[in-house]
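I opened my notebook to record what I looked up in this structure.

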Amino acid sequence: MNKFFKPLLVHIDSFLMGCLFFTLMVGLFVLYSASGQDFSKVYDQTVNIVLAFSVMWLAANIAPHQLERIAMPLYVLGVVLLVAVELVGSTSHGAQRWLNLGVTKIQPSEIMRIAMPMMLAWYFTKLEVRPSAKHFAQAGLLLLVPVALVMKQPDLGTALLITAAGFYVLFLAGLSWKLLLGGTLSLAIAAPFLWTLLHDYQRRRIEILFDPSQDPLGSGYHTIQAMIAIGSGGFAGKGWLNGTQAQLDFIPERTTDFIFAVFSEEFGLLGNLLLLSLFSLIILRGLVIASEAKSTFGRLLAGSIALTFFTYAFVNMGMVSGILPVVGVPLPLISYGGTSMVMLCLGLGILMSIATHKNVVAT
Amino acid sequence: MAFFVMSLFGLLALRFIYLQITQYTHYQTLAENNRISMVPIVPNRGLILDKNGVVLAHNFFVYTLEITPSKAGNLKTTIAELGQLLQISKADIKRFAKLKSESRNFESIPIRTHLNEIEAAHFAVNHYRFPGVAIKSRLYRHYPLGKFGAHMIGYIGRINSKDLVALEKSGDLSNYKGSYHIGKSGVEQFYETQLHGQTGFEQVETDADGHAVRVIARSAPVPGTNLVLSVDSKLQEIAETAFGNRRGALVAINPKTGAVLSYVSQPGFDPNLFVDGIDVDNWKWLNESLDKPLVNRPIRGIYPPGSTFKPFVAMAGLENAKRLPPYRISDPGFYSLANSRHRYRDWKPDGHGMVDMQKAITVSCDTFFYGLALDLGIVRLTDFVRHFGFGAKSGIDIRGENAGLLPTPEWKMRRFKQPWYQGETVIVGIGQGYTLVTPMQLAQATATLANNGVAMRPHTVVAMQSPATGRTVNVAPVVQDRIPLKAENIAIVKQGMMDVTLPGGTAASVGANAGYSIAAKTGTAQVIGIKQNAKYDSSSINERHRDHALFIAYAPADNPTIAMAVIVENGGHGGSAAGPIARKVMDYYLLGKSPNEPAVKPTKAKAVQPAGHNESAHDE
């Protein structure tokens, strides 16, 4: 028995796995409530989880130096596919994101989410010297090209996450605070100028993004109702399946982007703090793995994955609780949906691989 | 890094404490005892008026019975119980189900429309039994003139899933909360943004039964812009009535401004049928009728121009220094290519004798234009007449234009994989062959010629009035193109066209006793596409195989203020079938003279409401 299972589980990080499993369980319970007690959604999500676990297991069993080898080809493939989407992709809901391969449709921007940190981590590993400003500029260019292509689709949420993933690598590779500050400042100076270049309707969209109350019948409605849900949850919550806001259909997108409002209404401040703790444990474990990584590649990639996971969680909870503008980012491990689940578990699988392949010498 | 993560998560935790502990009572009150709902206040749609202020499209209130699904409990029993109280048909329930699937649960959806006072009162008494059900009044669109000008004015219809996608893409979706209709064709569609206005909203606190307790915030709607068209509804009636029960199209334009004076597509239809969703029978009839009443003939109908093409071929010839005076031919009644025995026949078997350019236009000499077309060559010919707007959309403010067709050798190779033959050039000279034009293009080309080569963009809307500010903005005429034409060449073509309506011309009867001078050109176009009618009875086939009658004209010839194209499908000869219609329109426009027989019963005219009678004074 043990003989058979042990080799299978040798690359699974038990601490990460424990946190992950517990969070997913919470997620399934919330989903059952959020979907209006629709068991088929819970079933679908379970299938997604099984699939995501398989991907995670595979990733965990691939040694980091193997990943290092495929980083550049994967990045190039991603860019090529993004260009292909631009040229021949199919449009749905006004955005051109999908590439139809005949058998299946793929969304190349998803590939970029993992290919981007891998590519940049590979780039800084290959340098073998302390990166200078010139190197950061080159890396910045590598980051900017795919992000621009994704923005053009347009898919603001994914573009933001790819940027974050790449940016964290730059930061971990030692990007100086001075450069960072300079970049932010020049953007701030350029902003009013860029503003004048936008169309009226584009400006209006951005205004609404930052001030939802300007559009109380559209996206502002989401935020207002979500805040009522969270606030009325109180200290201990209204109890599972008892959230009036959630059950009476006041919360839009309540199984996907706004599922946190359902959770928060039914489980209250206690639930929120529990969820924050679970996420913190996963992220901190990721950062520990990064700091203990034997190779530069492993350190940069692991750090980026952990921080990207954090970005997900922070942006989603921030937008639902009304301190960040509404962009389409799901709550990690809780929101309904296969793609996001698979991508997250792929990331966690890579973390496990970096954690458990310490003895293997990287090239 | 860990510090960075934990401090931002700490920020979130503080936010949660603020919302869930500090503000708990506030949000708890909102969630438990009250519900906040956003009630959109739909703006009044702008009116459409003719140039004299006669109302072509306006709004009126009807009572509707509406259900808000999230507040109504069991919908099936609610509807069944309502059905015992008021008449609710299967179609009503079907429509409700469809609307519900397209709406959010907290939105109010009509189950019955057009309630009368008694029904409304009957429900009011029983209101307490039906939580989440309410009587509302909604604005409905009405077109007082019915079928007159229907293809130009267009109509509005229910917002469908396609419209929703378009609205979402343009970012206008939230402005359509509470709106159930959107412009589907004609001016109603083209000027949708202006006509719709800006939706207002009320943020109201409601109790558990859905009754409004108090208004927390309100922003007023901005009503839609009123549009003033350049048409005169009386002229429109005269023009449409002049067609009788014949099919066809007429477009009249002021050549100096491009303003559309009349826009006829016969047969028409009653746009009021579409406002609340057209019923199956009428839809079937409108779609399957052989007369195709839904086809917007002025911009969608494509016809061979026939001899009405000749003035433009003539301009091409003169501007390319072909057939300049005193060039003349002796017309034997036919034309043959150099090494061919095939005879291209003139419509007059014995020929027209000695013919120069001016006379060729006046008597519509085919032989003359066969030779000219060949001499010019197909490329030079089409390149030139393209300036008059043939082969391209006119740019009128009505959607769905057909660009027609100016054939070229490249086009034929693309389309048929065959080379171009000389004989095909020959017949383009008399507007036959592959050439296809819309009545709109023909009218626009005539107007451009009348205006000495200055093409004005055709448009139907001449002014926009804002009901909010009371300000009127006039739409400025736009010069689309200036064709550099020599004055002496224009004079020849125009003189030829003026002689058309004088004794000896092909439309002498049209010009008789007019009291003003008319420049015109007649045309007859062979009907193609026989196949599609083959299954109908023979008498019908014969009628539908007859030639199309065409007529272009402008007047007064020395200082034109109206230019037009008329097409009567299967009407026979242009001068006798289409000419008299043009004459009636010009008589009214230039002299204020109505045709002898009263066009419309007086009661119809009474239904027209003066502009002062303005429903948009109401707020909701």
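Entry 1, model. I noted before anything else that this is a predicted model.

I looked up the largest nonpolar core and found 117 residues in it. V251(B), M564(B) and V585(B) have the most contacts inside this core. I then checked the domains of chain B: the core takes at least three residues from domain 1 (37-72 + 80-85 + 92-229) and at least three from domain 2 (233-602). I also recalled that nonpolar side chains tend to be buried together in soluble globular proteins.

I found 38 residues of chain A in contact with 35 residues of chain B. Several helices of chain A each supply at least two residues of the side that touches chain B, among them helix 9 (200-210) and helix 13 (296-320). Helix 12 of chain A gives the largest share of that side, nine residues. By class, I wrote down 20 nonpolar, 14 polar and four charged residues for the side of chain A that touches chain B.

Is helix 14 of chain A mostly covered or mostly uncovered? I found it mostly covered, with 15 of its 19 residues buried. Helix 14 of chain A runs over residues 338-356. From first C-alpha to last, helix 14 reaches 27 Å, close to the 27 Å expected at 1.5 Å a residue.

Methods: Residues are numbered from 1 along each chain as its sequence is written. Chains are lettered from A and ligands numbered from 1 in the order in which they are written. This is a predicted model: local features need pLDDT of at least 70, side-chain atom pairs count only at pLDDT 80 or more; totals for chains, interfaces and linings use all residues. A nonpolar core is a set of buried Ala, Val, Leu, Ile, Met, Phe, Trp, Tyr and Cys residues joined through C-beta atoms within 7 Å. A residue is buried if 20 or more other C-beta atoms lie within 10 Å of its own, exposed if 12 or fewer, and partly exposed in between; C-beta atoms are placed from the backbone. Domain bounds come from an automatic or database domain assignment. Two residues are in contact if their C-beta atoms, placed from the backbone, lie within 7 Å. Helices (H or I, at least four residues) and strands (E, at least two) are DSSP runs, numbered from the N terminus. Ala, Val, Leu, Ile, Met, Phe, Trp, Tyr, Cys and Pro count as nonpolar, Asp, Glu, Lys and Arg as charged, and the others, Gly among them, as polar. The expected span of a helix is 1.5 Å times one less than its number of residues.
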